[in-house]
Amino acid sequence: MTKNTTHISAEGRYERRRFLKLAGCGTLGIMTGGFWPKLNRFAAEVKTGSEFVPDIDIFLSARPDEVAIFPGVPTKVWQYHAKVENGDKARINKLPGSYLGPIIKVHQGEKIRILFKNNVPEETIVHWHGLHVPAIMDGHPRYVVPKDQAFLYEFEVKNRAGTYWYHPHPHGRTGPQVYRGMAGLFLVSDDQEQGLGLPDGEYDVPLVIQDRTFDSTNQLVYMSGHRMERMTGFLGDMIMVNGLPDFTLPVATCAYRLRLLNGSNSRIYKLAWNDGRPLIIIGTDGGLLEKPVYRKYVFLAPGERLELWADFNDHPVGYETSLTSLPFETGGMDAGRMSKNPRLPNGSDFPIFSIKVTRAIKNHLTLPAILSDIEPIQQNEADNFSHPRQFYLTMQHMQWSINGRVFQLEEVDGDEIVQLGSKEIWEFNNTGGGMMRMMNMPHPIHLHGKQFRVIERRGVMHEGYVDEGWKDTVLLMPGESVRFIVAFDDYSGMFLYHCHNLEHEDLGMMRNYFVRDTIESGQRI
């Protein structure tokens, strides 16, 4: 392709000035220990120089820790910890016995301040996956936080009610940091959702699915470092749910809302109930669907979320079932054969977790016919309706790339610049021919900062996608293409798009896109 590269140096200086301005109001003092860790005193300092008044203040840290996953020696992990300093303490919920970070709960329209302290022995930054936030708050690798320093996040929750999450995003180190345990759920509620009467409390169950490998001393085993292994992505030989092996969910004879996140580095799951009943899907990445949809099976790629309605009202105490991953073909490059742990290749058939009915109750909820308001897709509203942006997922010289390009920290090509206020159609193609077809793999594509609507797929030979709602991550199997429509309506600046196979991302299958503000375009570009 024609090379037309722009380095966003002016924009970078602009964003850094914003960061330093925040630093002058307290962040820099904390980075050097001036106010640390007294958040109340710090918050007062920030308010004197900022109009941002939060509804909730959270102190979030990442640090090395140990968790007793198996009998005997505890497992060394890197873990998020959180504490509400000002606001409702119930907004933070820890998963019992888990290496995963705490669940953060917020409501649409609330203003959130999160002070993040890095205590792991390398640079890191927090990305709020699926959230619509300003560019400087999105966790771009440009803003990595050195050890023992801090970053201040301030943003308004604009998302619909749904299941979002947070995880590290330093370039080249996202995979190993997530693998060590750095990930957590970020749940958003809104007024419409709360009026539906969906299962809540103990009947609203988060389920983070991951795969891990442990050695004989209970320690995590990652990758050998061999490039071919990294090209396929890490595959563990043990399935973990909420950070626990051999997970069983005890349930009562009533309806549940099951929030599923694929938090694995590269493994894809083909979800189905082993008793043959259909999956009832009520939500995806961007929150509740307009109405429930039914599938025999559903693919769930790294980064994607799915919400299920599961009703056990008709089952007696003692009934058991499980959520399984059905077998499927992954394409030309056999990720299992090339993996360090070929005992559980991608596309294998295995149980994910078990469910056992343990008690009878009278609490019968009815599945709502309408879950949320979602406007019909209007493709002709796209500014580039007749010429969608094209992105090709390719391999060149044993390197995964997007349009033949790999990640550069502050580089944006001309066809990666969009106009603030525009609405566009983007098309991603995983359709390489020749040798590329022999080497092709599934790629889950994630767009930072925005939710989008899928409008068309081509080359799909299965019925395992749920495209009816809002998405931020979309899976492309080999030979497939997808088109989605996205509105760049309010935040300018530099964001990321990339493959959410974390090893692919770390190897450079990631690019910047830049939302240009007309007023400031002459200064920034």
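**Entry 1: the largest pocket**

I started with strand 32, which gives the most to the lining of the largest pocket, with three residues. I'm working on a predicted model here, so I kept that in mind throughout. The space in this pocket comes to about 640 Å³. I counted 24 lining residues, and those closest to the centre of the pocket are Gln451, Arg453, Trp470, Ala487 and Asp489. Which elements give two or more residues to that lining? I found strand 29 (452-458) and strand 32 (480-488). By class, the lining of the largest pocket divides into nine charged, nine nonpolar and six polar residues.

A search of the whole structure gave me 34 aromatic pairs. For each pair I noted two things, as a pair of aromatic rings is described by the distance of the centres and the angle of the planes. The next pair I wrote down was tryptophan 128 with phenylalanine 186: ring centres 5.7 Å apart, planes at 65 degrees, so I logged the pair as edge-to-face. Where do these two sit in the chain? Tryptophan 128 belongs to strand 7 (residues 126-129) and phenylalanine 186 to strand 10 (residues 184-189), so the pair links distant parts of the chain, 58 residues apart. Buried or exposed, for tryptophan 128? Tryptophan 128 has 0% relative accessibility and therefore counts as buried. Phenylalanine 186 also comes out at 0% relative accessibility, so I put it down as buried.

Then came the pair in strand 32. Phenylalanine 428 and phenylalanine 484 have ring centres 5.9 Å apart with planes at 20 degrees, so this pair is stacked. Phenylalanine 428 lies in strand 27 (residues 422-430) and phenylalanine 484 in strand 32, again a link between distant parts of the chain, 56 residues apart. Both phenylalanine 428 and phenylalanine 484 are buried.

I also traced a cluster. Ring pairs link Tyr80, Phe116, Trp128, Tyr143, Phe151, Tyr153, Phe155, Tyr166 and Phe186.

I have an open sheet of four strands, in the order 3-2-6-8, with mixed pairing. Why is one side of strand 3 (75-86) and of strand 8 (150-156) left without a neighbour in the sheet? Strand 3 and strand 8 stand at the edges, and each has a single partner strand, so one side of each stays without a neighbour. I get an average twist of 20 degrees from one strand to the next.

I checked the pairing of strand 2 on both sides. Strand 2 (residues 56-67) runs parallel to strand 6 (residues 111-118), and I count seven bridges between them. How many bridges hold the pairing of strand 2 and strand 3? I find 11, in the antiparallel sense. Valine 67 is bridged to threonine 75 in strand 3.

Strand 16 (residues 269-273) and strand 19 run antiparallel and are joined by three bridges. I noted leucine 271 with valine 298 of strand 19 as its bridge partner.

**Entry 2: cavities**

Which strand gives the most to the lining of the largest cavity? Strand 19 does, with three residues. Strand 19 and strand 20 (305-311) are the elements that give two or more residues to this lining. Its residues include Val298, Phe299, Leu300, Arg305, Arg457 and Asp467. By class I get six nonpolar, five charged and one polar residue in the lining of the largest cavity.

The second largest cavity has a volume of about 50 Å³. Among the residues that line it are His132, Val133, Lys450, Phe488, Asp489, Tyr491 and Tyr513. I noted that Asp489 is also one of the residues closest to the centre of the largest pocket. The lining of the second largest cavity divides into six nonpolar, three charged and two polar residues.

How values were computed: Residues numbered from 1 in each chain as written. Predicted model: local features only at pLDDT ≥ 70, side-chain atom pairs only at ≥ 80, totals over all residues. Heavy atoms only, no water. 1 Å grid on protein atoms, 1.4 Å probe; cavity = no way out; pocket = protein on both sides within 12 Å on 5 of 7 lines; lining within 4 Å. Points joined across faces, edges and corners; volume = space filled by probe spheres on them. Nonpolar A, V, L, I, M, F, W, Y, C, P; charged D, E, K, R; others polar. Pairing = 2+ DSSP bridges. Phe/Tyr/Trp six-rings, centres within 6.5 Å; stacked < 30°, edge-to-face > 60°. Buried < 20%, exposed > 50% of the residue type's maximum accessible area, 1.4 Å probe, protein only. Axes fitted to C-alpha atoms, helices over the stretch in contact; angles between N-to-C directions.
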